[in-house]
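I opened a new page for a structure I had not looked at before. These are my notes, in the order I looked things up.

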Amino acid sequence: MKKVIFMGTPNYAKTILQALLTHGGFEILALFTQPDKAVGRRQILTPSATKAFLQEFAPHIPIFTPQSLRDEAERIRRLEPDFIVVAAYGKILPPSILHIAPCVNLHASLLPKYRGASPVQSAILNGDEKSGVCTMLMDEGLDTGAILQSKDCDIGGKNAGELFELLARMAGDLILSTLLNFDKIIPQKQDEAGASFCKKIKKEDGRIFLDDAKKIHQKYRAFILWPGVFLENGLKFLELELVDGDEKNAAAGEILALEKGSFLLACKRGILRVKKLQESGKKALDGRTYLNGKRLGVGNFLH
């Protein structure tokens with residue numbers, strides 16, 4: 001039985017951890033995850049998805065939530081892992097840990113494309129039709145290590161929540177394959193000529209202007225989990241559909257048609273169907289109810 005230390009934080013990582021636990025061929029020595037965070041308006045201290053999962057289904061496994069990994073090498077060395085598996089942990093592994101055992105990262109893109117913090121969102125923002133997941137032998141660079149295995153999939157039309165769920169299931173299968181066949185796999189060096197990078201998402205990235213309906217809809221799908229998409233005044237679009245991506249309109253923000261529970265909104269290029277939206281500090285409303293409350297109709301403008 002192979003001994004594994006798992007490092008990961010969100011639901012994507014939880015799905016991969018669950019795959020290792022249920023397989024039966026691996027002993028999970030410990031979980032390293034991000035410290036509990038204050039969540040919501042009431043700032044309730046909440047554990048990571050991986051921590052909450054282990055506490056419920058495998059409470060015997062030790063959980064560590066260090067602010068930094070700089071002083072964790074000796075603790076990890078004493079555990080004598082065969083592998084360290086990393087999935088969206090959120091911290092950089094120092095060389096002192098990278099050299100203890102093979103560190104295998106599960107990255108949610110087909111490297112070298114989209115190295116960095118937001119590969120799923122970047123694929124959607126750029127209108128990619130294909131993406132995937134790969135296992136990578138970690139080194140000291142940012143997602144620059146040799147590729148062990150990869151698997152691709154079609155992603156057209158999916159939002160970030162759907163794509164994270166799909167890639168997490170694929171990654172769960174892939175980590176089993178990689179670890180079980182590790183000695184037979186020949187690591188493949190990444191082609192630096194094809195490398196691209198993606199940044200960490202900030203709240204202000206969700207701000208939109210009613211210019212290009214297709215781009216807005218891509219941003220809506222990419223940021224549906226966080227931070228969402230919103231106008232300069234804070235009005236947030238919770239449910240959007242792309243009606244037309246090409247039609248040119250003279251007046252961006254004009255209400256073009258009223259529908260049951262929704263309305264059509266003009267952008268400079270293209271048309272959106274607004275199904276649900278929310279003003280800052282107020283409850284979410286369907287599109288038609290929102291317009292009725294504001295006494296807005298066809299020919300009026302959404303500001």
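Predicted model: local features only at pLDDT ≥ 70, side-chain atom pairs only at ≥ 80, totals over all residues.

**Entry 1**

Seven of them make an open sheet with mixed pairing, and I wrote the order down as 5-2-1-6-7-9-10. Strand 5 (63-64) and strand 10 (146-154) sit at the edges, each pairing on one side only.

Next I checked some neighbours within that order. Strand 1 (residues 2-8) runs parallel to strand 6, with five bridges between them. Here I found valine 4 opposite phenylalanine 83 of strand 6. Strand 6 (residues 83-87) is also parallel to strand 7, this time over three bridges. Isoleucine 84 has cysteine 103 of strand 7 as its bridge partner. On going from strand 7 to strand 9 (residues 130-137) I noted an antiparallel pairing with four bridges. Valine 104 faces leucine 137 of strand 9 there.

**Entry 1: strand 7, buried or exposed?**

I asked myself how many of the five residues of strand 7 (residues 103-107) are buried. The count is five of the five, so the strand is largely enclosed by the rest of the structure. For "buried" I used a cut-off of under 20% relative accessible area.

Then I sorted the residues by face. In a regular strand, side chains alternate between the two faces of the sheet. Cys103, Asn105 and His107 lie on one side of strand 7, with Val104 and Leu106 on the other, and both faces are covered.

**Entry 2: helices on the sheet**

Which strands does helix 1 lie across? I listed strand 1, strand 2 (26-32), strand 6, strand 7 and strand 9, and helix 1 runs at about 165° to strand 1. Helix 6 packs on the sheet too, touching strand 1, strand 2, strand 6, strand 7, strand 9 and strand 10. The direction of helix 6 makes about 145° with that of strand 10.

Helix 1 (residues 11-23) also meets helix 2 (residues 49-57): their axes come within 8 Å and cross at roughly 35°. On the helix 1 side I noted residues including Leu17 and Leu21, and on the helix 2 side residues including Phe53 and Leu54. By class, this contact has six nonpolar, three polar and one charged residues.

**Entry 3: helix 7**

I moved on to helix 7 (residues 213-222), which is mostly covered, with seven of its ten residues buried. Among the buried ones are Ile216, His217, Tyr220 and Arg221. What do the buried residues of helix 7 pack against? I found helix 5 (119-125), helix 6 (160-180), strand 12 (229-230), strand 13 (236-248) and strand 16 (269-278). At the start of helix 7, a side-chain oxygen of aspartate 212 comes to within 3.0 Å of the backbone nitrogen of lysine 214.

**Entry 4: around strand 16**

Strand 16 came up in the last entry, and I followed its pairings. Strand 13 runs antiparallel to strand 16, joined by eight bridges. In that pair, aspartate 244 has isoleucine 271 of strand 16 as its bridge partner. Strand 15 (residues 262-266) is antiparallel to strand 16 as well, with four bridges. Alanine 266 stands opposite isoleucine 271, and a hairpin through two residues joins strand 15 to strand 16.

Last, I looked at strand 17 (residues 285-286), which runs antiparallel to strand 16 over two bridges. Leucine 277 stands opposite leucine 285 of strand 17. The hairpin of strand 16 and strand 17 has six residues between the strands, and glycine 281 in it takes a positive phi near 80°.

How values were computed: Residues numbered from 1 in each chain as written. Heavy atoms only, no water. Buried < 20%, exposed > 50% of the residue type's maximum accessible area, 1.4 Å probe, protein only. Contact = heavy atoms within 4.5 Å. Polar contact = N/O pair within 3.5 Å; in protein donor to acceptor, adjacent residues only side chain to side chain. Pairing = 2+ DSSP bridges. Axes fitted to C-alpha atoms, helices over the stretch in contact; angles between N-to-C directions. Nonpolar A, V, L, I, M, F, W, Y, C, P; charged D, E, K, R; others polar.
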